[in-house]
Amino acid sequence: AALVTVKQTKKVAIEMFTTCKAALVVLLAFVSLSVRASKAQSKPNILFVAADDLGWNDVGFHGSKIKTPLLDQLAREGVILNQSYVQPLCSPTRSTLMSGRFPFHTGLQHFVIRPDQPYGLPLNITTIADHLKSVGYATHMVGKWHLGFCNLSYTPLHRGFDSHYGYYVGEEDYFTHMRDDGIDFRRNTEVVRNMSGVYSTYAFSAEAEQIVTQHNSSQPLYLYLPFQAVHAPLEAPQRFIDMYSHVHDKKRRVYSAMVTAMDEAIKNVTNGLKQRGMWNNTFMVFTTDNGGPTGVGANNYPLRGGKSTVWEGGTRGTAFVHGTMLQKTGYTNNGMIHSVDWYPTLMALAGVDRSNLGHIDGVNVWDTVSAGAPSPRQDFVYNIDKNASVAAIRYQKWKLIVGNPGSPGPWVPPANVSVDLENGKASNGTYLFDLDSDPTEHFNLAESNPETLTMMKSRLAEIMKSYVHDLSTLHPPTNKSDPKNFDGAWSPGWC
């Protein structure tokens, strides 16, 4: 009997040990999952909003009379970026955001990618969305791509995004979503044909709100929201146009309406984040992709020039950041930042190891935008485009332009402001500016400061050694992309 008791006791002990061991395994697994979930939740959501063709003098926080109440509020709650530079045109700037590299290093320095040109952002580039996905982010894009679509491999779902609702090219109608004879509107890879009559700014904000509503908030979110607004054609719902009935210039009137409509759309998205309890853990970047085109309603005054130029009006972008993780807020930061810098900065914020980013041109400016520390950036390249006969660089306070800066060359003032336009006429040549004392580029110091000019030309010559031939000239237009070949839609499958 004693032997049976011992055996029974031993059996019970073994069973208890096995049960406790299993419970411990379950507990450890739960703790591990909780830790991973906690780490995921600690990563901030990232809302990156890009306006298209927004001018320096087209937002209230820069003194414009255009109504942008939401943007003004966010800018003043956050940090206004006074020297946040972009490329002179659309595709080049978008390439910097995706790659962290200057366009003259990726072959995207000349003009934009046309809908009939068979190339795109080089496929050997790991995009910002690729990296963010690798560390657990849900990655969604709503709006304009414009980085190539001739093959599916160039399009957003193959460049790191979980979803894309928007368009591949540019310049389509805001209501019909047609570019020339083809529709350019997609949900992921499927053509959207039932949105005719819906203003794209509304469509994109509604989609962004839906993404936020359906998002699993335990996972960090990267929402890239490049609006069609405020690129031409000039179109807006009448209720916004009516707000500017006092503006005599029709282009300026409709353009202003488009800006205010975009402001309202962004408010809808931020409200959605607040309703989900996600806003307090969201870092927001707002930027334009280039300066405003002064011929179609935009204004960059007092900066010189505009879109497609290397003048400050074409490259010094309207921008701000916002978020509770910022240590210093409510001021204007004058640190030098370039659009290539968002790539490593957001990677650092998301916990991506810098060594995994490979060779990039961007630098991490988080301490600058978050705490007001001096910018680690001391220089950058505005653009180098042999095909357009222009090169422009910045080093500390000095700016050098060699060749054709682009048109418009003079300052384009708003209504009721007069300037000496004769003084602003420009042509091919050499320009040297001290941007600390002359941010509006009135005084060319090339002749009066030969030592600095020599130094800057020497820097340019060194930079030119890494120049990559532009892909635009290597891939001329073709009729293979004609929407007639793809059931009336601009579509991949022709390269």
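Which strands does helix H7 (residues 250-275) lie across? Here are some friendly notes, starting with that helix.

1. Helix H7 lies across strand S1 (45-51), S10 and strand S11 (282-288), running at about 175 degrees to S1. Axes here are lines fitted to C-alpha atoms, for helices over the stretch in contact, and angles run from 0 to 180 degrees between N-to-C directions. Helices (H or I, at least four residues) and strands (E, at least two) are DSSP runs, numbered from the N terminus.

2. A word on the model: it is predicted, so local features need pLDDT of at least 70 and side-chain atom pairs count only at pLDDT 80 or more, while totals for chains, interfaces and linings use all residues. Residues are numbered from 1 along each chain as its sequence is written, and side-chain values use heavy atoms, with hydrogens and water left out.

3. Now the sheet. It is open, has 10 strands in the order S9-S8-S5-S4-S10-S1-S11-S13-S2-S14, and its pairing is mixed. Strands S9 (190-191) and S14 (331-333) are the edges, each pairing on one side only. Two strands pair if DSSP finds at least two bridges between them.

4. S5 and S8 run antiparallel, joined by 2 bridges, and glycine 166 has arginine 186 of S8 as its bridge partner. Strand S8 (residues 186-187) is in turn joined to S9 by 2 bridges, again antiparallel; there arginine 187 partners glutamate 190.

5. Strand S5 is mostly covered, with 5 of its 5 residues buried (buried means under 20% relative accessible area, exposed over 50%, partly exposed in between, with a 1.4 Å probe and protein chains only). Ser163, Tyr165 and Tyr167 point one way, and His164 and Gly166 the other. In a regular strand the side chains alternate between the two faces of the sheet.

6. Helix H5 (residues 200-214) lies across strand S4 (138-144), strand S5 (163-167), S8 and strand S10 (221-226), at about 180 degrees to S10. The axes of H5 and H7 come within 9 Å and cross at roughly 10 degrees. The two helices are therefore roughly parallel to each other (angles under 35 degrees count as roughly parallel, over 145 as roughly antiparallel, 65 to 115 as roughly perpendicular and the rest as oblique). Their contact (heavy atoms within 4.5 Å) includes Tyr202 and Val212 of H5 and Met262 and Leu273 of H7.

7. Helix H3 (residues 90-99) is also mostly covered: 10 of its 10 residues are buried. Its cover includes S1, helix H4 (128-134), S4, S10, strand S15 (337-338) and helix H9 (342-350). Just after H3, glycine 100 has a positive phi of about 75 degrees.

8. How many disulfides does the count come to? The count is 1 disulfide, a disulfide being a pair of cysteine sulfur atoms within 2.5 Å. Cysteine 150 is joined to cysteine 495, S to S 1.9 Å, and the link is right-handed, with 65 degrees about the S-S bond. Cysteine 150 sits in the loop between S4 and S5 and cysteine 495 in the segment after helix H12 (471-474), so the pair ties together parts 345 residues apart in sequence. Cysteine 150 is buried at 0% relative accessible area, whereas cysteine 495 is partly exposed at 42%.

9. Cysteine 90 is itself buried, at 3% relative accessibility.
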